[in-house]
Amino acid sequence: MNRKILLIEPNYKNKYPPMSLMKIATYYKSLGDDVTFFKGKLQDLVLNDTYKALLKQLYANDSSIFWEKYKPEICKYLKKGLSEEFYKIPLVEESLIINSLLKYYRRYFRNKEYFYPENRIYDKIAITTLFTFYWDITIDTINFAKQLCKNEKDVLVGGVMASILPNYIQKETNIYPIIGPLIKPKMLGDDNDIIIDSLPLDYSILEEIDYIYPANDGYLAYMTRGCINKCKFCAVPKLEPKYKNYLPIAKQIKLDEEIFGAKRNLLLLDNNVLASTRFNEIIDNIKLAGFYKDATYIEPNTFEIAIKNLRNNLNDKAYIKCIVKEYKRLIEKLGKNAQEIYDLLDEYYLLNADTATKEAILSTYDFIKDKIKILYSEKPRKRYVDFNQGIDARLITEDNMKKMAEIPVRPVRIAFDNWKIHKIYEKAVRTAVKYGHKNLSNYILYNFEDTPLELYKRLKLNVDLCEELNASIYSFPMKYHPIEDPNYFSNRDYIGKHWNRKFIRTIQAILNSTKGKVGKGKSFFEEAFGKNEQEFEKLLFMPEVMIIYRFYYKDNGITEKWWQCFNNLSPEKLAVAKKIIETNDFSSYETTISDKDILNLLSYYRITRKDTEKELQNKGIA
């Protein structure tokens with residue numbers, strides 16, 4: 001008998017689909033198992049499982065009714081016991097059996113009987129983990145999910161957080177996770193020689209869930225694994241301790257295209273691709289995969305791909321859901337001309353994934369197939385390659401930048417983790433631009449061993465390089481927190497030795513206005529971060545509302561009044577005031593401060609965003 005496998009990604013927001021679960025899906029399906037992928041509220045998962053168990057019983061007692069039509073009413077009743085929903089369900093008054101079934105499963109769901117060992121339906125559950133600041137939601141997910149598995153030892157936990165903090169996870173869940181990638185046979189407990197990490201991704205499982213990943217229009221791959229560096233702030237040495245020089249992808253991408261349809265971009269998650277001694281082969285393989293310079297892409301017909309995969313029994317629940325979404329897009333696209341198609345789809349119950357059937361989809365295919373083509377553009381679009389984790393400035397050379405110009409990399413991400421390497425970084429940028437890489441980006445680590453001024457200098461250098469080289473560099477300042485420290489791994493409260501809470505809040509307030517990134521444009525940068533180091537230091541101490549609503553407070557003169565108060569304090573008084581400002585806590589400073597000048601200065605820090613927004617609304621500005 002085939003096993004029931006449940007793959008779970010906790011219900012946090014994240015950009016990239018879970019590659020590990022996509023490979024695990026391929027693995028279990030190759031063994032003939034029934035695989036389900038879930039991301040969402042686990043209460044909805046068990047509600048749906050309860051509904052499916054009830055559905056079998058309803059059909060066993062009366063198969064003349066299309067029970068799926070009543071799923072909304074049935075689920076509302078199961079979830080809340082609402083009598084008005086109960087009496088919308090067929091036969092509840094005529095049939096004692098139907099009536100009793102509904103009431104039984106309502107009690108079953110309300111009393112959480114799905115947790116009872118005899119009621120558990122999953123043979124294996126695999127849960128992925130990501131960032132440590134998702135600690136609470138991840139631990140809650142594991143502890144909930146393990147009560148759905150027939151045997152707790154068959155709950156598998158892996159991924160980034162699990163590999164970094166295995167002992168802490170075991171303490172909270174009684175499950176010791178799998179550490180690192182699945183690079184050896186039998187790591188999931190089965191007796192075979194399959195290496196899961198080498199398997200292709202099952203992109204079909206992404207169609208099973210409602211969550212849409214922002215980076216969903218690209219192939220996901222690695223061409224190297226690990227990193228030759230051992231940076232103190234980085235977890236890669238633990239996650240991927242051995243550096244692998246070359247993992248070709250061209251053949252697999254061609255196969256993925258045949259099965260799942262072409263994807264526009266190529267997203268590579270290598271941690272240090274330039275360290276590979278086979279870098280030229282990597283570039284050639286990317287070109288072979290269809291990502292050569294000026295390569296274009298034509299959007300595939302998603303409907304036809306889904307039909308093909310339905311006929312091949314690839315993943316019925318995923319592709320039924322996919323096709324229903326395409327039907328709805330078609331009706332929206334046709335607008336007032338959609339009546340004929342709407343009537344047909346409605347007649348066959350094809351406008352809802354719960355009522356749509358494979359048979360109905362295939363029987364209406366000939367009528368729909370030509371009409372649905374209007375959803376897909378024939379216009380070629382440029383393809384791009386993204387080495388998403390960045391490349392190492394210290395390893396950039398004339399040769400590898402020239403070679404990289406053979407593929408459409410956009411953006412070129414170059415890490416700029418500290419000011420000490422600014423000369424190396426600047427040379428790297430100039431080399432990249434020389435060979436045509438004018439769209440650049442970088443991650444800028446702060447709150448580690450840097451000072452706030454060093455952050456400013458790195459950002460300003462990028463702006464200056466943009467101006468000089470006529471390039472575009474988008475910087476993404478990223479706040480460091482120690483992911484293995486038990487005091488901080490589950491939150492973002494860590495403050496670096498050269499930082500304090502006020503400085504952190506200042507940076508966050510500035511980035512709030514820039515949407516988290518700093519791009520080209522000298523005037524914009526100078527307004528946001530200051531024209532020089534002195535202006536930046538002024539911003540560090542400026543009240544938060546005067547940063548967020550800077551034009552309002554600047555125009556009404558309040559910012560200038562604050563600055564005069566700040567500068568008019570004696571060095572001794574200013575030192576006292578700064579200690580309080582740096583805590584970013586202005587709730588009770590009167591208990592320790594009595595000096596009128598200091599109190600006057602601190603009063604500006606009690607102006608809240610709520611007060612400001614109310615004031616703006618009263619003046620008709622907001």
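## Overall architecture

A residue is called buried when its relative accessible area is under 20%, and exposed when that value is over 50%. By this criterion, 50% of the 622 residues of the protein count as buried in this model, which is a predicted one.

The protein has 28 helices and twelve strands, and its C-alpha trace spans about 85 × 60 × 55 Å along the principal axes. Among the contacts with a separation of 6 or more, 73% are made by residues 24 or more positions apart.

## Surface and charge

The side chains include 97 positive and 84 negative ones, with the centres of the two sets lying 3 Å apart.

Glu340, Asp343, Asp346 and Glu347 together form a negative surface patch. Glu340 belongs to helix H14, which covers residues 339–347, and because its relative accessible area is 55%, Glu340 is classed as exposed.

## Glu326 in helix H13

Another glutamate, Glu326, is located in helix H13, made up of residues 316–334; with a relative accessibility of 6%, Glu326 counts as buried. When residues up to four places away in sequence are set aside, Glu326 touches Thr302, Phe303, Ile372, Leu375 and Tyr376.

## Lys80 in helix H3

Lys80 lies in helix H3, which comprises residues 71–80, and its relative accessibility of 57% places Lys80 in the exposed class. Between Lys80 and Phe109 the C-alpha to C-alpha distance is 9.5 Å, while the two residues are 29 residues apart in sequence.

Methods. Residues are numbered from 1 along each chain as its sequence is written. This is a predicted model: local features need pLDDT of at least 70, side-chain atom pairs count only at pLDDT 80 or more; totals for chains, interfaces and linings use all residues. Side-chain values use heavy atoms; hydrogens and water are left out. Patches are made of residues with over 30% relative accessible area and no salt bridge: like charges are joined within 9 Å, nonpolar side chains (Val, Leu, Ile, Met, Phe, Trp, Tyr) within 5 Å. Accessible areas come from the Shrake-Rupley method with a 1.4 Å probe; for residues, only the protein chains shown count as cover. A salt bridge is a side-chain nitrogen of Lys or Arg within 4 Å of a carboxyl oxygen of Asp or Glu. Lys and Arg count as positive and Asp and Glu as negative; His and the chain ends are not counted. The place of a charge is taken as NZ of Lys, CZ of Arg, CG of Asp or CD of Glu. Helices (H or I, at least four residues) and strands (E, at least two) are DSSP runs, numbered from the N terminus. Buried means under 20% relative accessible area, exposed over 50%, partly exposed in between (1.4 Å probe, protein chains only). Contact means heavy atoms within 4.5 Å.
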